[in-house]
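Visitor: I would like to go through this model by its geometry. Could you take my questions one at a time?

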Amino acid sequence: MRWMKIDPPTPQHQRLIEVFTGEWRSEERVASCPGGQLDEVRHGRLVARAALGGRFVISDYVQEREEVPVFAGHGVYGWDGERYTMQWFDTETAAGGEPAPGVWDGELLVFTRPGTGPRERYEYEFRAPGAYRLRVLVGDESAGWVPVLAGLFRRFASSRSSGALSRWNESAA
């Protein structure tokens, strides 16, 4: 089989790879409902890798409460030649839909799901190498945005990083 030649990743692809790839742990505060207090403590593990010749970053994430998996997600981040994109699938929301467009503004990368009415917004703040802050908000431009999650993610090196992912898969079986 002969593979077609593809161009190397663009600087925009490289930027996603630099900030997202690796094995991460997080400490998060979650609201029980939109507009509620961010008072539920959760911990997460995320593994992200470059894929398809550096064109995308694929992430797998598990969130735990008291060491029990309670939420899992799968993200696909990319650059389509005009804008950053994110496609997110998880255990609580309907899969699919069109990718959320993203915009860099200094240290902040913001993805906002398209549509009308209440939507989700993901704010990634990269201030230091090996760490980022994530805020997930719901709402819209007219009514405003309220946080439902705030977390600090730190990159780490460990051969046991997929332990939480394995526990999730075992509990779902």
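Visitor: Is Y124 buried or exposed?
Guide: The model is predicted, so its local features need pLDDT of at least 70 and side-chain atom pairs pLDDT 80 or more, while totals for chains, interfaces and linings use all residues. Residues are numbered from 1 along each chain as its sequence is written, and side-chain values use heavy atoms, without hydrogens and water. Buried means under 20% relative accessible area, exposed over 50%, and partly exposed in between, with a 1.4 Å probe and protein chains only. Y124 has 3% relative accessibility, so Y124 is buried.

Visitor: How is the ring pair of Y77 and Y124 classed?
Guide: Rings of Phe, Tyr and Trp (its six-membered ring) pair if their centres lie within 6.5 Å; planes under 30 degrees apart are stacked, over 60 edge-to-face, the rest tilted. Here the centres are 6.1 Å apart and the planes stand at 85 degrees, so the pair of Y77 and Y124 is edge-to-face.

Visitor: How many residues apart are Y77 and Y124?
Guide: Strands (E, at least two residues) and helices (H or I, at least four) are DSSP runs, numbered from the N terminus. Y77 sits in strand β4 and Y124 in strand β8 (residues 119-128). The pair links distant parts of the chain, 47 residues apart.

Visitor: Which residues touch the most other members of the largest nonpolar core?
Guide: Such a core is a set of buried Ala, Val, Leu, Ile, Met, Phe, Trp, Tyr and Cys residues joined through side-chain atoms within 4.5 Å. The largest one has 30 residues. Contact means heavy atoms within 4.5 Å, and Y124 touches residues including M86 and L134. The core members that touch the most others are F20, Y77, L109, F111 and Y124.

Visitor: What angle lies between the ring planes of Y61 and F71?
Guide: Both residues, Y61 and F71, are buried. A search of the whole structure gives 17 aromatic pairs. Y61 and F71 form an edge-to-face pair, 6.1 Å centre to centre, with a plane angle of 65 degrees.

Visitor: Which residue in β4 stands opposite V57?
Guide: Two strands pair if DSSP finds at least two bridges between them. β3 and β4 are joined in the antiparallel sense by ten bridges. Opposite V57 stands Y77.

Visitor: What overall arrangement do the ten strands form?
Guide: Pairing is antiparallel, in the order β1-β2-β3-β4-β5-β6-β7-β8-β9-β10. Neighbouring strands are turned by 25 degrees against each other on average, direction ignored. The arrangement is a closed barrel.

Visitor: At what angle does helix α1 run to β4?
Guide: Axes are lines fitted to C-alpha atoms, for helices over the stretch in contact, and angles run from 0 to 180 degrees between N-to-C directions. Helix α1 (residues 11-20) lies across strands including β1, β4 and β10. To β4, helix α1 runs at about 160 degrees.

Visitor: Which ring does R15 lie over?
Guide: A charge sits over a ring if NZ of Lys or CZ of Arg is within 6 Å of the ring centre and within 35 degrees of the ring normal. R25 lies over the face of F156, at 4.1 Å from the ring centre. R15 is 3.6 Å from its ring centre, over the face of W104.

Visitor: What is the phi of E66?
Guide: E66 is found in the loop between β3 and β4. E66 is exposed, with a relative accessible area of 75%. Although not a glycine, E66 has a positive phi of about 55 degrees.

Notes. Lists of a residue's contacts leave out its neighbours within four places in sequence.
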